[in-house]
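Visitor: I am new to protein structures. Could you show me how to read one, feature by feature?

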Amino acid sequence: MDCSRAAVVLLILVVLQVQLNRGQRSRLASAETRKRLYQRLRRLDEQFRRFQEMTLTHLQSIAESYNISYTTDSRFLMLTQHFEGISKEISSFRAATEQNLDSLKSWSRKLQRKTRRLELRLVSAERTVKENTRLAHRQLQEQRRAMANLTQELGAQQGRIRAVEAQQGEIRHLQDALREQMSKLEDQMRSLQHTSRNVLSRNEKNQVFSHRTEQPKVSKDNRMKHWLPPPAVSATSAPDLYSVQTPSQTTATPTSQPEETEQIHGLLHPPLRHKIPQHYTPEKAATICNVNSLLLFPSASTKNYVTFHTPFLTGIHELSVCTWLRVDAGYMGTLLSYATKDNDNTLVLYGRRSSVLGNMDFVIGDPAYRELTTENMLDGQWHHMCVVWSSIEGRFWHYIDRRLISTGSKFQKGYEIPPGGSMILGQEQDTVGGGFDQAEAFVGRLAGFALWTRALSPGEVSGLATGKGVPRGAALTLDDVEALHGSIQQVTCRCLEHCT
């Protein structure tokens, strides 16, 4: 800026010098020429002033532009720094948002799983409600039929009671008539006794008289030779209480005495009673003779359970559990519980008193489970049940009385049941070997229990249910029981029909 000013001043001085030189040369010119020169000088001065003003204005605009650019740079730096802070905040917000989205996705997945489980449970609950409603309706109809039958039986019993009352009146009349006949018979007895005494006394007199007059004298040796023993008393006649025999009385008796004594004996002694022959009833024929023994669980108690020796020495990928059951309670209870240190519900077949009636949970590696129906098994009769599972594709099969009730897949696919656990019948373990609940206890009878570490075929299951032998390779049976706890009883019975 200072250099430009100096250049302008030098230019003006040069111009003035030139003009002065011209002025000196043209002094001799005329006055008009001077006037023109003065006018030109004035114009130049005015032009110089205007140029100076324009220069100053231009210099001021340049200075202002420089200040604006400086402020613009500072503002740009500030904006850059602010943008970097905003970028950092946006990146942090983006990271937090991604974390929240990941957690939201995982939570939504869990929620979907829970929703699916709830939907499955809701469907099963609806199904069980429908089944229970159908069962209740059926039971109500059966109760109504039973009430109708009871009403009919009650009417029949009332008719029988009326008939018995009428018979009682007849029996009273018969009793009165019998008393009259008894009194008459007593009178006849007295009269017969009196006549028999008179007859006996007359016979004695006649015998004594005849012995005195007609009997010859006999020696002692001849009497001993011709002596006869008295007649034997028969089993159907009583001894003669009214006849008196003398030592010499053998054949000389009147003919009327035996007839009278027989009449007396017939009145005094009733006929003998005959024994009713006892007929032998043969034992019921048995068809299912592959159970070997039976376990009796008499009541719902935490003290009633059965333990086994170590059931599995290696991990298993297939399983078959079969047994005969007779449930004495209104719910299934726990049949089998296998617990390990890592999971107390590694393998469970159980139902609770408070759960939906007619259902049983089949658990493998808690919390994975499937619901199995047992509605037809709560009638107090013997039923055969088999549960088969394979980790290949997670398939399972549920049989009752050799019929396939339910099946499914993707149930613990590829899962391995670990060895070294605790196997218990009749109770559900919340800890290894303990943690029992009375509401989960089994009440009833269990016969022919067996466990295989392979999947049985439908033919083998049908053979078990019809008593055609036991499939090979059973890993656990009732012969492997370690101890019976509480009031459990084990009864040896080869055939199911003979197990009580």
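Visitor: Where is the place of Leu 10?

Guide: This is a predicted model. In it, Leu 10 sits in helix 1, which covers residues 2–25.

Visitor: Is Leu 10 buried or exposed?

Guide: Leu 10 has a relative accessible area of 55%, so it is exposed. The cut-off for exposed is over 50%.

Visitor: Which residues form a nonpolar patch on the surface?

Guide: Val 9, Leu 10, Leu 13 and Leu 16 form that patch. Together they have about 360 Å² of accessible area.

Visitor: And charge? Which residues gather in a patch of positive charge?

Guide: Look for Lys and Arg, which count as positive. Here Lys 105, Arg 109, Lys 110, Arg 113, Lys 114, Arg 116, Arg 117 and Arg 121 gather on the surface. One of them, Lys 110, lies in helix 2, residues 31–213.

Visitor: How many salt bridges does the count come to?

Guide: The count is 7 salt bridges. Let us take some of them in turn.

Visitor: Which residue forms a salt bridge with Glu 46?

Guide: Arg 50 does. The closest N and O atoms of Glu 46 and Arg 50 are 3.9 Å apart. Both residues lie in helix 2, with a spacing of 4 residues, about one turn of the helix. Glu 46 has 43% relative accessibility, so it counts as partly exposed. Arg 50 is partly exposed too, with a relative accessible area of 48%.

Visitor: What about Arg 190 and Asp 187? How far apart are they in helix 2?

Guide: They are 3 residues apart, so about one helical turn separates them. Asp 187 counts as partly exposed, at 46% relative accessibility.

Visitor: Where do Lys 413 and Glu 393 lie?

Guide: First, the contact. The side chains of Lys 413 and Glu 393 meet in a salt bridge, 3.8 Å from N to O. This pair links distant parts of the chain, 20 residues apart. Lys 413 is in the loop between strand 10 (403–408) and strand 11 (422–425). Glu 393 is in the loop between strand 8 and strand 9 (395–400). Lys 413 counts as exposed at 55% relative accessibility, while Glu 393 counts as partly exposed at 45%.

Visitor: Now the backbone. Which residues have a positive phi although they are not glycine?

Guide: Lys 410 has a phi of about 60°. Gln 412 has a phi of about 55°. Lys 410 has its place in the loop between strand 10 and strand 11. Gln 412 lies in the loop between strand 10 and strand 11 as well. Lys 410 is exposed, at 70% relative accessibility.

Visitor: Which residues does a cis peptide bond join?

Guide: Asp 366 and Pro 367, with omega about 20°. Pro 367 lies in the loop between strand 6 (359–364) and strand 7 (369–373).

Visitor: Last topic: how many disulfides does a search of the whole structure find?

Guide: It finds 3 disulfides. The cut-off is two cysteine sulfur atoms within 2.5 Å. Cys 289 and Cys 495 form one, with their sulfur atoms 1.9 Å apart. That pair links distant parts of the chain, 206 residues apart. Cys 289 is in the loop between helix 4 (256–268) and strand 1 (293–297). Cys 495 is in the segment after strand 15 (489–492).

Visitor: Are Cys 289 and Cys 495 buried or partly exposed?

Guide: Cys 289 has 21% relative accessibility, so it counts as partly exposed. Cys 495 has 7%, so it counts as buried. The cut-off for buried is under 20%.

Visitor: Why is the disulfide of Cys 289 and Cys 495 right-handed?

Guide: Because the torsion about its S-S bond is about 100°.

Visitor: Which parts does the pair of Cys 322 and Cys 386 tie together?

Guide: Cys 322 and Cys 386 form a disulfide, sulfur atoms 1.9 Å apart. Cys 322 lies in strand 3 (residues 318–327) and Cys 386 in strand 8 (residues 383–390), so the pair ties together parts 64 residues apart in sequence. Both Cys 322 and Cys 386 are buried.

Visitor: Which pattern do the disulfides follow?

Guide: Cys 493 and Cys 499 also form a disulfide, and both are buried. Count the bonded cysteines along the chain, and the pattern is 1-5, 2-3, 4-6.

Definitions and conventions
Residues are numbered from 1 along each chain as its sequence is written. This is a predicted model: local features need pLDDT of at least 70, side-chain atom pairs count only at pLDDT 80 or more; totals for chains, interfaces and linings use all residues. Side-chain values use heavy atoms; hydrogens and water are left out. Patches are made of residues with over 30% relative accessible area and no salt bridge: like charges are joined within 9 Å, nonpolar side chains (Val, Leu, Ile, Met, Phe, Trp, Tyr) within 5 Å. Accessible areas come from the Shrake-Rupley method with a 1.4 Å probe; for residues, only the protein chains shown count as cover. A salt bridge is a side-chain nitrogen of Lys or Arg within 4 Å of a carboxyl oxygen of Asp or Glu. The place of a charge is taken as NZ of Lys, CZ of Arg, CG of Asp or CD of Glu. Helices (H or I, at least four residues) and strands (E, at least two) are DSSP runs, numbered from the N terminus. Buried means under 20% relative accessible area, exposed over 50%, partly exposed in between (1.4 Å probe, protein chains only).
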